[in-house]
Amino acid sequence: MSADSTKSNENEEVARELIRTTLEGEENAIPHVFVIMGASGDLAKKKIYPTLWLLFNSGLIPNTTHFVGYARSPLTVADIRKKAELFMKIKPDEKEKVEQFWKVHSYIAGSYDKVEGFQNLNKEIEKSESGTQANRLFYLALPPSVFAPVTSNIKAACMGKKGWTRVIVEKPFGKDLASSEALSSHLSALFCENQLYRIDHYLGKEMVQNLMILRFGNRVWGPIWNRDSIAAVQLTFKEPFGTQGRGGYFDEFGIIRDVLQNHVLQMLTLVAMEKPASTSAEDIRNEKVKVLKSISKLTMEDSVLGQYVGDPNGTGDAKDGYLDDPTVPKDSSTPTFACCVLYIKNERWDGVPFIVKGGKALNERKAEIRIQFRDVPGDIFVPGMIQRNELVIRVQPNEAVYFKMMTKTPGMSFSAEETELDLTYGSRYKGVVMPEAYERLILDVFAGNQMHFVRTDELSEAWRIFTPLLHRIERERPSCIPYVYGRSVVVPTYMEGSVVVPTGIAGAVVVPYMYGRVSSCT
């Protein structure tokens, strides 16, 4: 194991021990009840219960925590356990700890829209609230259609009387600006902002959280992190699979709502924001909101939309296109791929294109941020020899930061070649276990830290940017570029200086791309 790996493991253990030590005080003696609304669903069994197990097993949450599942289905804790343990990371020597974990669980079946079920839930919660203090957390692992009745009933019947109550809300936070503001108004009428935790799990990823340290902890980037030195910023989210039978759900939202408006835009704000006054949640979120307010509304002319079709020579899922999914309407124009250009109209970024891209059934699983610097002025070398520098932050998979730069080709020649200063986490930090995104974020909720959660005004500005494009797509139902589950696509572009920018879908000349290979929009 390298010295860096050893030091990183030591630092991680120090951080975890600090949390455990903190919990050994008064807060650890206070009962906490964590309620999973929608306990019978996919999100609960695949993400929430496995995350709660990791936190429980590591001793990172109060040892007085009790867990209550709530859903409409008539289930037992044993039923929940059978489903969830398929996704839980359990070592052979942890059987006893797993038994302890499930002993502090209970389950209540009830309706989402009738207060009686929530009154029964409240009685179950109170069984675990001995003493004069107790805190409650509600995780809404639910479809957005029931957010309103569930939160109303929580407010009416389940608010804590002995301590704080916090509510975690999963995306999507509405479908457009109007629906999002209606939901925000509803929630704001029931809860204070410091009680609401709108979770975007991308904000819990290692490399996304690392952006703050990279930007503001290294002097080298400060003078060049602006329009004078940076030509373009590209933020990419790619998945190597289609809708996998969940097309009916996806068709209601599409790739723009599913990925660009939240995950990718959150990364953009961290790349582009000004240095906050401190690392407090409000100072950071204030700067993120300023970035969003400086971005103009998106138009069709700044966008390229695609929808995947089946590969007749493919195998398995690759044979089926989006419209072949029986849960998707046969005339659906919902994009499964989108590439859009955003501009931030402020002194730092004016004129720099921020190209955001996301898609399903692409060639690989990848999320990255690519910052391309401008050409070297007064280039004295052979034309075309010197390439632009790039800083690349790979969010997933295989977390990495690398800087592409020019160096002399070794040997007798005096030519140049591109190379990389490479910090790949898997090589530098071998053996270091990265916490899951949900693990970090749920721990933040216990701690009352809202740094990595979305604020109401932040959400409103994000929807303001994308809503005009979304409404135009729904109104005009434009034909998406068909891309084959397997080949490459050429996204129509024009040159802005020497930066390639999409031209939009009107009059585009298209070459399909197949599932599993790199497209030109990479």
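Predicted model: local features only at pLDDT ≥ 70, side-chain atom pairs only at ≥ 80, totals over all residues.
Helix α12 covers residues 281-293 and helix α15 covers residues 456-476; their axes lie 9 Å apart and form an angle of about 20 degrees. Angles under 35 degrees count as roughly parallel, and therefore α12 is described as roughly parallel to α15. The crossing of α12 past α15 is left-handed.

## The open sheet

The model also contains an open sheet of 6 strands, arranged in the order β3-β2-β1-β4-β5-β6 with parallel pairing. Strands β3 (105-109) and β6 (196-199) are the edge strands, each pairing on one side only. From one strand to the next, the twist averages 20 degrees.

Strand β4 (residues 135-140) and strand β5 (residues 165-170) run parallel and are joined by 5 bridges. As an example of the pairing, L137 has R166 in β5 as its bridge partner. Strands of a sheet pair through backbone hydrogen bonds, in either a parallel or an antiparallel sense.

Is strand β7 buried or exposed? In β7 (residues 230-238), 9 of the 9 residues are buried, so the strand is largely enclosed by the rest of the structure. The cut-off behind this reasoning is a relative accessible area under 20%.

Strand β7 pairs with β11 and also with β10. With strand β11 (residues 366-373), β7 pairs in the antiparallel sense over 8 bridges. In that pairing, V233 has I371 of β11 as its bridge partner. With strand β10 (residues 353-359), β7 pairs in the parallel sense over 6 bridges. Here the bridge partner of Q234 is I355 in β10.

## Residue A148 in helix α7

A148 belongs to helix α7, which covers residues 147-157. Its relative accessibility is 32%, so A148 counts as partly exposed. This class lies between the limits of 20% for buried and 50% for exposed.

How many residues apart in sequence are A148 and L187? They are separated by 39 residues in sequence, while the distance between them in space is 7.9 Å, C-alpha to C-alpha.

Technical notes: Residues numbered from 1 in each chain as written. Heavy atoms only, no water. Axes fitted to C-alpha atoms, helices over the stretch in contact; angles between N-to-C directions. Helix = DSSP H or I, 4+ residues; strand = E, 2+ residues; numbered from the N terminus. Parallel < 35°, antiparallel > 145°, perpendicular 65-115°, else oblique. Left-handed = near helix turned anticlockwise from the far one by under 90°. Buried < 20%, exposed > 50% of the residue type's maximum accessible area, 1.4 Å probe, protein only. Pairing = 2+ DSSP bridges.
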